[in-house]
Amino acid sequence: MTKAFYLYNTLSRSKELFEPVTPGMVGLYVCGPTVYGEPHLGHSRPAITYDVLVRLFRHLGYKVRYVRNITDVGHLENDADEGEDKIAKKAALEKLEPMEIVQTYTIAYHDAMRALGTLPPSIEPRASAHIIEQISLIQKILDSGFAYISNGSVYFDVPAYDKKFKYGILSGRQLEDMREGTRDLDGSSDKRSPYDFALWKKASPEHIMRWPSPWSDGFPGWHLECSAMGAKYLGETFDIHGGGLDLQFPHHECELAQNVAGRGCQGVKYWMHNNLITIDGRKMGKSLGNFITLNELFTGSHKHLQKAYSPMTIRFFILQAHYRSMLDFSNEALQAAEKGLKRIMQAGKDVESIAYTGEGVLNPELPRIEEDVLDALCDDLNTPIALSHLFDAVRIVNSAKAGSLTLGEGDHEILKRLFGDIIPNVLGLVEELGDSDDSLVGGLMDMVLQVRSEAKAKKDWAMSDLIRDRLKNLGITVKDTKEGTEWSRN
Ligand code: ZN
């Protein structure tokens, strides 16, 4: 904690010195995925951004409690109060229980996040497991007069809130300007104003996911879960709330208003938003045919992809841009990232094989590089600048390897910290399993397949299928033949 960290706060629209609520501790809440489909490219950027943030805080000596939720109920289509629940819709389509959809895609999400080298959050709460907390928060908002009951549903009264506290301070919107995008209410709506949003929705007869409440059998509004779970696990006011820029409005704006209305405080010191990824200059979307899942990226099985890209290449590609900048995805950019990553990884190996013939620090550039790398990371997580300084270190390693530069033991110590600590532990860039590790993979596969054949011998088909499916997610295909079990990497 000797180093100052500056963070851009969406709320104040400026970089601020980071001062945690509790000295030495960081409470971080990040909005996680709504688990109704395969994890895709869009999931990778927030996951990697907040992963590096957590790693950096730990490197600086902080304890971090990182909470990332799983949305498994209440997220309706078009992020509005109308339409079907995204998970229930997928469940009906696939003739499965909603919680089977949740389970399938939570596992797929975890697998993809592990492949990208992100550390798991400290707590991963689910919306459906916190209905009681959400009902109690709704009651508080009703008690304070900023919500009303209508036909069994409960709505947040945005105009009443706006009069007292100003609605829109996070996104910088004025209530008058929000007219656009909201539909005029027809006679059948339960809302008093088109700006109002649902805290509790009465379930229609065919709606599957429902819970009893004082107002009706129904389900919570999407924005509510994060207000309830953030406070439960991190306290009524915690340090950082993160998420994608697409969540700033309405999701986070509504969260902030709920906190103020229900608890009398904004609840969050620093709001942090990562920018989005475009594909060849266009927004990613199923209707545009450029929707790419992470599995398709890792295996190259999408018509937009010239080849497969490894998870570490994706990670490096994302770190090459500042988290608040737009990032455009293209085959050219990915292939450039692949080359850059290779150069860093090779230099990391060379650090241990070149000779250090002198004593002390012989290269005056290296201490400066080490300082600059950490300065960049502590300046609102500027990973592209940190990487550019690390490439200066790569050039020094390459010169020493070519024999045009002599380095001492002091230089070695600095290079070990850069390539053996900052790169793998803070940026999370690690060597991927390649050809040289094939013997290790072979040994592990022998072991895994032995466990699977023992499961089959005991007729534990669930276990044997689980192993096969998990391997498939890792890009390994298992085939049972007369001769035994064969496996291959995609
Ligand atoms: Zn959220």
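**Figure 1. Leu-440, Leu-444, Met-447 and Val-451 make up a nonpolar patch on the surface of the predicted model.** Together the four side chains' residues account for about 360 Å² of accessible area. Helix α14, spanning residues 438-457, contains Met-447, and Leu-440 is found in helix α14 as well.

**Figure 2. Close-up of Met-447 and Leu-440 in the patch.** Met-447 has a relative accessible area of 48% and is partly exposed. Leu-440, with a relative accessible area of 46%, is also partly exposed. Residues count as exposed only over 50%, so Met-447 at 48% is classed as partly exposed. Between the C-alpha atoms of Leu-440 and Leu-471 the separation is 16 Å; along the chain these residues lie 31 residues apart.

**Figure 3. An open sheet of 4 strands, ordered β5-β6-β7-β8, with antiparallel pairing.** From one strand to the next, the twist averages 20°.

**Figure 4. Pairing of strands β6 and β7, and the helix packed on the sheet.** Strand β6 (residues 153-156) and strand β7 (residues 197-202) run antiparallel and are joined by 3 bridges. Tyr-155 has Ala-198 in β7 as its bridge partner. Helix α4 (residues 131-143) packs on the sheet and touches β5, β6, β7 and β8. The direction of helix α4 makes about 120° with that of β7.

Conventions:
Residues numbered from 1 in each chain as written. Predicted model: local features only at pLDDT ≥ 70, side-chain atom pairs only at ≥ 80, totals over all residues. Heavy atoms only, no water. Patch = residues over 30% accessible without salt bridge, like charges linked within 9 Å, V, L, I, M, F, W, Y side chains within 5 Å. Areas by Shrake-Rupley, 256 points an atom, 1.4 Å probe, with all protein chains shown as cover. Helix = DSSP H or I, 4+ residues; strand = E, 2+ residues; numbered from the N terminus. Buried < 20%, exposed > 50% of the residue type's maximum accessible area, 1.4 Å probe, protein only. Pairing = 2+ DSSP bridges. Axes fitted to C-alpha atoms, helices over the stretch in contact; angles between N-to-C directions. Contact = heavy atoms within 4.5 Å.
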